[in-house]
Protein chains: 2
Amino acid sequence: MELHQLRYFCAVARTGSFTRAAIEEGVAQPSLSQQIVKLEQTLGAKLFDRLGRSIQLTEYGRTLLPQALAILRQVNEARSTLESLRRGVGGNLSVGCIPTLTPYFLAPRLSDFAHRFPDVELQDRGTGWRPRMR
Amino acid sequence: MELHQLRYFCAVARTGSFTRAAIEEGVAQPSLSQQIVKLEQTLGAKLFDRLGRSIQLTEYGRTLLPQALAILRQVNEARSTLESLRRGVGGNLSVGCIPTLTPYFLAPRLSDFAHRFPDVELQDRGTGWRPRMR
DNA sequence: TAATATTACGTATTACGTAAAGATT
DNA sequence: AATCTTTACGTAATACGTAATATTA
């Protein structure tokens with residue numbers, strides 16, 4: 001399983017065509033087709049049903065697709081994170097969140113952010129908001 | 001950026017040594033060293049400080065490491081998901097969650113699960129629990 | 001000098017492109 | 001017949017291993 005194979009797979013899934021996928025990926029159709037076959041062999045599962053001209057994802061393909069997208073997204077994220085680090089990250093960003101969501105939704109994301117950009121200082125400035133007590 | 005390069009990178013980071021990493025990965029040292037250099041070139045950033053015998057992650061390396069691990073984890077997850085699908089998934093699993101967490105914590109994970117194992121039926125059996133109203 | 005990383009170079013794998021064949025509407 | 005995918009095959013890129021060199025404790 002290689003990254004370019006996952007890219008090709010996603011392109012075929014998205015376009016529904018080996019030809020269009022090859023054009024988008026900038027490779028020859030046969031090359032792309034080979035890589036898909038190879039991916040299928042290494043995974044031990046057919047990813048597409050070839051119905052003449054049209055293509056349809058198999059159950060395996062439908063299972064792999066979101067994961068492949070997630071992998072590629074994460075690869076791009078890694079690239080852009082390093083790129084940000086090279087250029088330096090600047091600017092100013094304020095984030096708000098209702099208290100109920102803070103521990104489960106906001107906190108882990110802030111934690112990831114702090115991990116990724118260790119040079120960005122985070123501050124809790126509060127909201128000034130208080131529950132009505134009267 | 002290739003998957004095997006990320007594997008090599010993580011191995012070096014974990015072992016702190018090109019030699020030990022090469023042994024673990026089952027390749028010759030120079031080959032592994034080359035791939036690390038190549039990875040550094042494509043990313044445009046040095047990942048390790050070479051201090052004679054010992055190796056230390058640079059800031060770029062420290063930034064990349066968790067992302068590389070996440071990518072490899074996701075790749076393995078994709079593999080094992082397909083493997084599970086090939087073997088068929090069986091058994092019986094009950095999941096509980098306090099109401100406060102359900103929408104933000106449990107729901108998206110169940111959604112992912114349902115997406116990954118479309119043949120597994122999910123049921124909400126309730127908890128029998130009710131808030132005290134007296 | 002012993003241990004480790006890099007450089008140099010030859011080899012084998014493999015991804016790719018072109019051309020031809022097969023298949024479906 | 002036209003369009004799309006697969007197969008066949010030659011080429012170019014590249015990952016790998018061996019050998020030699022450099023570097024440090």
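One point before we start. The model is predicted. Please keep that in mind throughout.

Let's begin with the interface. How many residues of chain B are in contact with chain A? The count is 29 residues of chain B, and they contact 29 residues of chain A. The area buried between chain B and chain A is about 3100 Å². Carbon and sulfur atoms give 67% of that area. Three residues lead on the chain B side: B:Gln67, B:Leu82 and B:Tyr104. Together they supply 20% of the area that chain B buries against chain A, more than any other three residues.

Now the polar side of the story. Between chain B and chain A there are zero salt bridges. Polar contacts do turn up: four residue pairs across the interface, with both residues at pLDDT 80 or more.

Which elements of chain B give two or more residues to the side that touches chain A? They are helix H4, residues 59-87, and helix H5, residues 102-116. H4 of chain B gives the most, with 17 residues. By type, that side of chain B has 15 nonpolar residues, seven polar and seven charged.

Let's zoom in on B:Thr81. Find it in helix H4 of chain B. Is B:Thr81 buried or exposed? B:Thr81 has a relative accessible area of 5%, under the 20% limit, so it is buried. Look at its partners, setting aside residues up to four places away in sequence. From chain A, B:Thr81 touches A:Thr63 and A:Gln67. From chain B, it touches B:Arg116 and B:Phe117.

Beyond its neighbours within four places in sequence, the contacts of B:Thr58 are B:Lys46, B:Leu47, B:Phe48 and B:Asp49.

Next, cysteines. How many disulfides does a search of the whole structure find? Zero, over all chains. Take Cys10 in each chain. A:Cys10 counts as buried, because its relative accessibility is 8% and the limit is 20%. B:Cys10 is buried as well, with a relative accessible area of 9%.

Where is A:Cys10? Look in helix H1 of chain A, residues 3-15. Apart from neighbours within four places in sequence, A:Cys10 is in contact with A:Leu65, A:Ala68, A:Leu69 and A:Leu72.

Last stop, A:Leu39. This residue lies in helix H3 of chain A, residues 29-43. A:Leu39 has 0% relative accessibility, so it counts as buried. What does A:Leu39 touch, not counting residues up to four places away in sequence? The partners are A:Met1, A:Gln5, A:Leu6, A:Phe9 and A:Leu47. Pick out A:Met1 from that list. A:Met1 and A:Leu39 are 38 residues apart along the chain. Their C-alpha atoms are separated by 6.0 Å.

To recap the interface: about 3100 Å² buried between the chains, zero salt bridges, and H4 of chain B as the element giving the most residues to its side.

Note on methods
Residues numbered from 1 in each chain as written. Chains lettered and ligands numbered in written order. Predicted model: local features only at pLDDT ≥ 70, side-chain atom pairs only at ≥ 80, totals over all residues. Heavy atoms only, no water. Disulfide = S-S within 2.5 Å. Buried < 20%, exposed > 50% of the residue type's maximum accessible area, 1.4 Å probe, protein only. Contact = heavy atoms within 4.5 Å. Buried area = accessible area lost by both parts, 1.4 Å probe. Salt bridge = Lys/Arg side-chain N within 4 Å of Asp/Glu carboxyl O. Polar contact = N/O pair within 3.5 Å; in protein donor to acceptor, adjacent residues only side chain to side chain. Helix = DSSP H or I, 4+ residues; strand = E, 2+ residues; numbered from the N terminus. Nonpolar A, V, L, I, M, F, W, Y, C, P; charged D, E, K, R; others polar.
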